[in-house]
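Hello,

I am handing over the structure we spoke about. My notes on it follow below.

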Amino acid sequence: MKVPVRWLKELVPNDLPPSEIAQRLTMAGLEAEAVTEIGGTWDRIYVGVVERVEPHPNADRLVLATVNAGEHHLTVVTGAPNIREGQKVPLALAGARLIDGYSEEFRMFTLKPSTIRGVRSEGMVCSEKELGLSDEHEGILVLDPDAPVGVPLRDYLGESVIEFEITPNLVHAFSMVGIARELGALIDAPVRLPELTDLEAVPRDPGLVIVEAPDLCPRYVGVVIENVRVEPSPEWLQRRLAAAGVRPISNIVDITNYVMLEWGQPLHAFDRRFLHEGRIVVRRARPGERIETLDHVDRELTPDMLVIADADRAVAIAGVMGGLESEIRDDTTTILLEAANFNMLNIRHTARAQRLRTEASARFERGLDPNLVWTATQRAVALILQLNPEARVTVMADAYAEPRYPKTVVMPRNEIPRLLGIDYPDEVVLDVLGRLELQPEIRDVDGVRSVVVQVPTYRSDINIPADVVEEVARIVGYESLPETLPWGQTPHVTRDPMRRLIADTQDLLVAAGMTEIITYPMVSEDDLRALVPGAEAAPDRYGFFPRPELDLVTARNPLRSEWTMMRPTLLPAWLKNVAENLKHSAGVAVFETGRVYLPRGLDELPDERPTLCLGFAGERHAADLYHQARSVDYFDVKGVVDALLPRLGAVDIAVRPITHPSLHPGRAAEITVKGEPVGIIGEVHPVVAEQFGIPAGQRVAVAEIDLKALFDTGLSDVELRPVSRYQQVEQDFAVVVDEAVPADAVEAALRAGAGPLATSVRLFDIYRGPAIDAGKKSLAYRVTLSAPDRELSENEIQRIRGRIERQLARQVSGTLRA
């Protein structure tokens, strides 16, 4: 919000410089972002009067103007079409810095004496663009007749403007009067409120305004004013609007904008000729109803939008913008002036839906005081009658079903020292609150000595005792609060164990050479159907998670039309990312930790499960001097999972084969920890991979782990063992077992026999053939043994081999091949 300082000082007389005003208001909670100077570069430019205008002897379109600016009296050559004798104009002397009025780009120049068509010109009369006031450069700027001749233009027309960032909770300060009240309270100066017109004697016509949606329009005032004359506003009004950042249009429209800036209440004026039956109906829009707004855009309305209508059609979008058909025109003589209060949430919704944010909607969205409607109407009528003395107010209506009254807030007196750590004398507290028009008094309330205030309706930000304490502190000055060091014991800092698990997971996978990705949490129904070969229907299992019986969580207003629901698995987005990366990389190794969203029930928030999806695609190793090219497979992703889970504290980890709709038959497994399922692992079905854009023949291995389920198994603290200084011993075991015995059961038996001395157990060969019985298989393992404090002797190794052989026989009925 731009606040011209001269305007502000008319409301609160003071001699403070603009920088100090900005600083004091900022310290009171109204942040001043910048202080700019209109006319700060106007050096050697004065107010002059045109004494004589004569034709140029050598040019038909130029004239010679003799201008008197007090000590400076000279003749200038100009082509301005609007120059006349007796006008007050800005006169620039040689050396003045001006803006080039004929350049499309911003460019300044220094004025120098010149000879134009044989006539010497020592100065220049200036347009608004040349002075930086607007883009108007067709004619010179004509000043008010009372402009003092000879005075530097900077002193007469210059202006300091403070720009404030008004937060949504401070709607009472979103106006000149609001800022003036704040400044008056800070410097203990009276506020001179603008002149109002008494409308109590104006005849009332309830039929002039009909409010059919009182829930969206608490108050609506309509005033009919006849015999108005539409013309340019006086120079003082145009200058003030321009300084506040509003473009002048005409006197009637300018007055509505002026009052909006002054009081914070938007208004609108209709040409009554174009209102069918000459009346207003405030209602919800009809289905399919349209309106062309003042910005010449044809807009479609919906029934949840509030409109201002006449007897037949919408003539304005309530609180946002008026309609083109009923706008004020040059020949308008009778207007219907509107001032109203609208539901803030509805205006915000309408403005966003129409992608149309205006000065009016910015104020309504913050929640205006309905009592401000009457004050703004009185002020606007006063200005209209001032600029149109022959105009008359003929009839009005005020639809105000449920008036708002001041509220009482009781603040226990000891709240000030309790919340601020400092107390103020009673007289200071009463004085500060009195300056804020809160009518304070101290009295006992239920046996507690309290400060009781009456909060004006325009102060919607004061509701509880702490708000009253804040008013005292900010007006007295936050800088007066004492500086004290914190005392007491700082609370113990604990890390969220789930966040720690996710962070550890990310760190370990990055250390394993994988790259983290982040994808959107929305999926389409087609994405989910693509998780099953043929894509005819959604699978019965989404990654690790079974398909819920309830409908998935859907978005009412999705970012993209195809993102209709929140993901129940990370797999679709992960597969799409892999497909994109395979376009420019032979191999992909990526993972994502994100949330999936599983429905709980109607009107309940979904179960947001932290989930991990990781895997490989394409080539695992490219061909080089030492390796042959190899595609990824199931064991690549299983190796990462085998390394990851123990480092996260998981124990009793097992993998068992399953049938999964998205994974390759025979290459799919479920991961369990302590017997509880926590994830799936396997190779993606080739058809599913192709449905996500992965080229045919490219193998994809993936795992999806429910981190919440993993956490719930009870993770142990990870113990790190130092590397032994003694030489390791490797022992190979070829174990013959039944075909149905899984490899991890054999590995468990080997580890049980070797005990803590086994630092590694690795399967390196599987044999089926004539050397062993039918229905049997031979699994060859290499067991690495190491003791932290000694070298293992041959006898000790033999004892370990014996224990291993006994455990194999006991646990998996296995025998060692000779």
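In which helix does Arg 806 lie? Arg 806 is part of helix 21, which covers residues 794-812. Please keep in mind that the model is predicted. Arg 806 also belongs to a positive surface patch, together with Arg 799, Arg 803 and Arg 810. Its relative accessibility is 49%, so Arg 806 counts as partly exposed.

Next, some strands. Strand 19 (residues 306-309) and strand 20 (residues 314-317) run antiparallel and are joined by 3 bridges. One of the pairings sets Val 307 against Ile 317 of strand 20. The two strands are linked by a hairpin of 4 residues. Strand 20 is also joined to strand 21 (residues 321-322), again antiparallel, by 2 bridges. There, Ala 316 stands opposite Gly 322. The hairpin of strand 20 and strand 21 has 3 residues between the strands, and Gly 319 in this hairpin has a positive phi near 75 degrees.

Then the salt bridges, of which the whole structure has 60. Among them is the pair Asp 100 and Arg 107, with the closest N and O atoms 2.7 Å apart. Asp 100 is buried, at 16% relative accessible area, whereas Arg 107 is partly exposed, at 48%. Arg 443 and Glu 441 form another, at 2.5 Å from N to O. Asp 642 bridges to Lys 638, at 2.7 Å between the closest N and O atoms. Because these two residues are 4 residues apart in helix 17 (residues 634-647), about one helical turn separates them. Elsewhere, salt bridges with shared partners connect Glu 182, Arg 459, Asp 461, Glu 471 and Arg 474 in one network.

Regards

Key:
Residues numbered from 1 in each chain as written. Predicted model: local features only at pLDDT ≥ 70, side-chain atom pairs only at ≥ 80, totals over all residues. Heavy atoms only, no water. Patch = residues over 30% accessible without salt bridge, like charges linked within 9 Å, V, L, I, M, F, W, Y side chains within 5 Å. Areas by Shrake-Rupley, 256 points an atom, 1.4 Å probe, with all protein chains shown as cover. Salt bridge = Lys/Arg side-chain N within 4 Å of Asp/Glu carboxyl O. Lys, Arg positive; Asp, Glu negative; His and termini not counted. Charge placed at Lys NZ, Arg CZ, Asp CG, Glu CD. Buried < 20%, exposed > 50% of the residue type's maximum accessible area, 1.4 Å probe, protein only. Pairing = 2+ DSSP bridges.
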